[in-house]
4 protein chains.
Amino acid sequence: MSKVWKVAVLGAAGRMGSEAVKAVNTAEDMDLVAALGSSDSLDEVVESGAEVIVDLTVPDVTEKNVRFAVEHGIHAVVGTTGWDDQKVANLRDLLTQHPQVGVLIAPNFAIGSILATEFAAKASKFFESVEVIEMHHPNKVDAPSGTAVHTAHKIAEAREEAGVGASPDATTKDEGGSRGAVVDGVHVHAVRLRGLVAHQEILLGDAGQQLVIRHDSFDRASFMPGVLLGVREVAAHPGLTHGLDGFLDLS
Amino acid sequence: MSKVWKVAVLGAAGRMGSEAVKAVNTAEDMDLVAALGSSDSLDEVVESGAEVIVDLTVPDVTEKNVRFAVEHGIHAVVGTTGWDDQKVANLRDLLTQHPQVGVLIAPNFAIGSILATEFAAKASKFFESVEVIEMHHPNKVDAPSGTAVHTAHKIAEAREEAGVGASPDATTKDEGGSRGAVVDGVHVHAVRLRGLVAHQEILLGDAGQQLVIRHDSFDRASFMPGVLLGVREVAAHPGLTHGLDGFLDLS
Amino acid sequence: MSKVWKVAVLGAAGRMGSEAVKAVNTAEDMDLVAALGSSDSLDEVVESGAEVIVDLTVPDVTEKNVRFAVEHGIHAVVGTTGWDDQKVANLRDLLTQHPQVGVLIAPNFAIGSILATEFAAKASKFFESVEVIEMHHPNKVDAPSGTAVHTAHKIAEAREEAGVGASPDATTKDEGGSRGAVVDGVHVHAVRLRGLVAHQEILLGDAGQQLVIRHDSFDRASFMPGVLLGVREVAAHPGLTHGLDGFLDLS
Amino acid sequence: MSKVWKVAVLGAAGRMGSEAVKAVNTAEDMDLVAALGSSDSLDEVVESGAEVIVDLTVPDVTEKNVRFAVEHGIHAVVGTTGWDDQKVANLRDLLTQHPQVGVLIAPNFAIGSILATEFAAKASKFFESVEVIEMHHPNKVDAPSGTAVHTAHKIAEAREEAGVGASPDATTKDEGGSRGAVVDGVHVHAVRLRGLVAHQEILLGDAGQQLVIRHDSFDRASFMPGVLLGVREVAAHPGLTHGLDGFLDLS
């Protein structure tokens, strides 16, 4: 019989948290042993016998939650933002005292999005030109998206390592700024359109050919396979892992 | 038996002109009676018995060519740029003295591109959001493309007429300029990518749905059906027509 | 002050109906005066003073509902399927006795989808090749979709009227059937993919160029602007209108 | 100073061959020492001092050419088709006697196309659904394309290895065959459209998300970077390599 993971979801009443509750309940290899809201005591996590917590709370409390889990020998899969360098450093210190515990902090649980970034970076050294277009709903306040910036970083890194120069661009006149933002030398364009959720397209061009890699997140359900993958793998990866890509076997 | 048009191509040695020579030669309802380079005399046009000239020369000489044709009762299909307001006004004057002659000045002969703009404008009043992305080869010096600016104008016009407000946009932070140029209230993005030629995509979004209209020009051959359509229709449209859309029956 | 429509939604507890209830409630120019489930009496429609019914019920009862409305001088916007030729003919008869009443029967309320079909048909006479790809969630039991078949019909009609021949195709070997279904001479391909809802893409190709028209329905909300448009326009269109395109001003 | 490769192109007058002549001439790290047509003697290859031949001839003569090269200690990059199992086996035998010589036989030199297939296969184990659409010019006689079949094979292989089941499909009615060909359990659709050259799109879907990987070959120039990469790498890969992916460093 295969392993069944005992899972506690923290932030269970939130938008992501309630999706996670559903997802864990549906997964055949998981048991939801606790679902905590903001007023519940962390002691329930221990009492429930959870082996893994899924933290989808808020920046204010995520550090306390994760440290509590680690101190009790419980693995953690963390989707909450707000982990600055200091908090991460403190967590690493704590983990050295609990070397068997694994923590995954993932800014993005959409496996397809992570793959899109990976593939784009790998391909970018073979193409003369590369640009990124991200498309989101019009209620988003920041542009370009964090994912697009991350993709541009990875592309720039891969191209520099391979000794590939900048994408060619003869533009001499662009008063309105139609060429977009330049992030690490990569042009990034942000579209805002009612009806969309979160989308990213990477265009790679060379003489006579184009490679396009596109990811669409249509709803929050798209993050759940990544959360479940995190739960299944975190115990096998003691210490701190940053980014779900560390758990994806792309060989 | 159906009409066979006698056609003279001016600028026959140029990139567009040589394509036009091929296209006219291939068309069953056309006879290429003259193909003039820059050193040939315009008298050849008259001597050849041409009924229609196709002017694909350069801004410096196109006015002289077209006026010559009109004065000799020959229709003209013009793809050369450089027709400013003054030149156009002078040509209108001349045409009043030759009321049976037709002249088409078309900045864009790609029928698909004209349709894309038309459709986008017509659709835009039914959608909350609309943005334009144009994509070209990286040797292009200006951004955004004239076609994209034209599309934005037509969209803005259609939305104003229908009383549709601006596309929603909650962006409060965009240091790099990723949101692109704003042309008549429409966001326009310009991508430059090796391997591409000339492409335009209009994205229209509303709650729960998206309409995308995209045109790709892969090579100059894409302009020839529009040139031939111009030749076939120009005699039936006396006076000056601006833009090939005037000849497209979209009912 | 502008007109406020009194609207009754029938089938209000269903998936489409409950969306319609929300949409009517949100529209500033509409008053939801009744929301009927399957056990409610049609008399409520009359008592509520409704001027328009929105019928989103089931094939078994839609005819009875609509005839009831017409007999009481109430306009009807109908999204329910099951209107065969006989039922439609009977309804036309009834409408001759109530010449001031309007009924709209629309198999598809997504305005973007209707526009996509219209544009594709209009453009298809200018392109040598045209094919249709529809993409849906994998729980759909029939292929190709009714919308794609409808699009193929309209394209075939437009091309025949314009005297355009069949799309060229040199295929001599296709054992597996990869070239798809041929509907009225138009190749139609059906993709089934988890994560998708309802999407259609029409590809039009000519020498050196391509025009792509794509519509995405991400969720049922996409149908509501069409339903509301129907409510606003149905009184101004007495008699029977088949298809929402009759109400879209595309000039 | 970096290595300059002495290269002989065989089949230099053909469509691919003449592109290769141009590409080798342009490459700074290559010297075109011979360009042979069908009537030239293979002795020229030896006399020219070529270190690598690029064979872009025809199925009838490619075996003789390559064996001649190997026997003279010259590496070979082969784009010609017609290498059946027997010919390949014979070549392997010959290569055991010349262990320092490298031969690359590549059915596809478009790096972007190879990457698209690789990425699709790698991603396919993370997605419930996957389908392939290939699009080509309408003069192509076979469907689906060899590249699409190859992609389907690689996807099927990757999914089987990872224990992923078939893509879900509830279709019970598809009289016209719109669901396409099923290759190794993967649905493959073939579009034929004037204006296109060679394009492939792989759609991967999961709850709430989609990953699309698309490759466009706009002209034969797209194959040249792959040919040049082959020339640069073949000497470092003694023995027979099948497929350019063997030379692409994707780590």
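A salt bridge here is a side-chain nitrogen of Lys or Arg within 4 Å of a carboxyl oxygen of Asp or Glu. R194(A) and E128(B) make one through their side chains, at 3.0 Å from N to O. This is a predicted model: local features need pLDDT of at least 70 and side-chain atom pairs count only at pLDDT 80 or more, while totals for chains, interfaces and linings use all residues. Residues are numbered from 1 along each chain as its sequence is written, chains are lettered from A and ligands numbered from 1 in the order in which they are written, and side-chain values use heavy atoms, with hydrogens and water left out.

**Where chains A and B meet**

- Contact means heavy atoms within 4.5 Å, and by that rule 44 residues of chain A touch 44 residues of chain B.
- Buried area (the accessible area, 1.4 Å probe, that two parts lose on being put together, summed over both) comes to about 3,100 Å² between chain A and chain B, with carbon and sulfur atoms giving 57%.
- On the chain A side, S178(A), L193(A) and R194(A) lose the most area to chain B, together 19% of what that side buries.
- Chains A and B share 2 salt bridges, and the pair R194(A) and E128(B) is a salt bridge.
- There are also 20 residue pairs in polar contact between chain A and chain B, both at pLDDT 80 or more; a polar contact is a pair of N or O atoms within 3.5 Å, where within protein one must be able to donate a hydrogen and the other to accept it, and residues adjacent in sequence count only if both atoms are side-chain atoms.
- β6 (129–136), β8 (186–192), β9 (198–206) and β10 (209–217) of chain A each supply at least two residues of the side that touches chain B; strands (E, at least two residues) and helices (H or I, at least four) are DSSP runs, numbered from the N terminus.

- Ten strands line up in an open sheet with mixed pairing, in the order β7(A)-β8(A)-β6(A)-β9(A)-β10(A)-β10(D)-β9(D)-β6(D)-β8(D)-β7(D); two strands pair if DSSP finds at least two bridges between them.
- β7 (181–183) of chain A and β7 (181–183) of chain D are the edges, each with a single partner strand, so one side of each has no neighbour in the sheet.
- In chain D, β6 (residues 129–136) and β8 (residues 186–192) pair in the parallel sense over 6 bridges, and I133(D) has H189(D) as its bridge partner in β8(D).
- Helix α6 (residues 146–162) of chain D packs on this sheet, touching β6, β7, β8 and β9 (198–206) of chain D, and its direction makes about 170° with that of β6(D); axes are lines fitted to C-alpha atoms, for helices over the stretch in contact, and angles run from 0 to 180 degrees between N-to-C directions.

**The parallel sheet of chain D**

- Chain D also has an open sheet of 6 strands with parallel pairing, ordered β2-β1-β3-β4-β5-β11.
- β2 (30–36) and β11 (239–242) of chain D each have a single partner strand, so one side of each is left without a neighbour in the sheet.
- Strand β5 (residues 102–105) of chain D pairs with β11(D) in the parallel sense over 4 bridges; G102(D) has G239(D) as its bridge partner there.

- The A143(A) to P144(A) peptide bond is cis, with omega about -10°, and P144(A) sits in the loop between β6 and α6 (146–162) of chain A.
- D184(A) is not a glycine, yet has a positive phi of about 55°; D184(A) lies in the loop between β7 and β8 of chain A.
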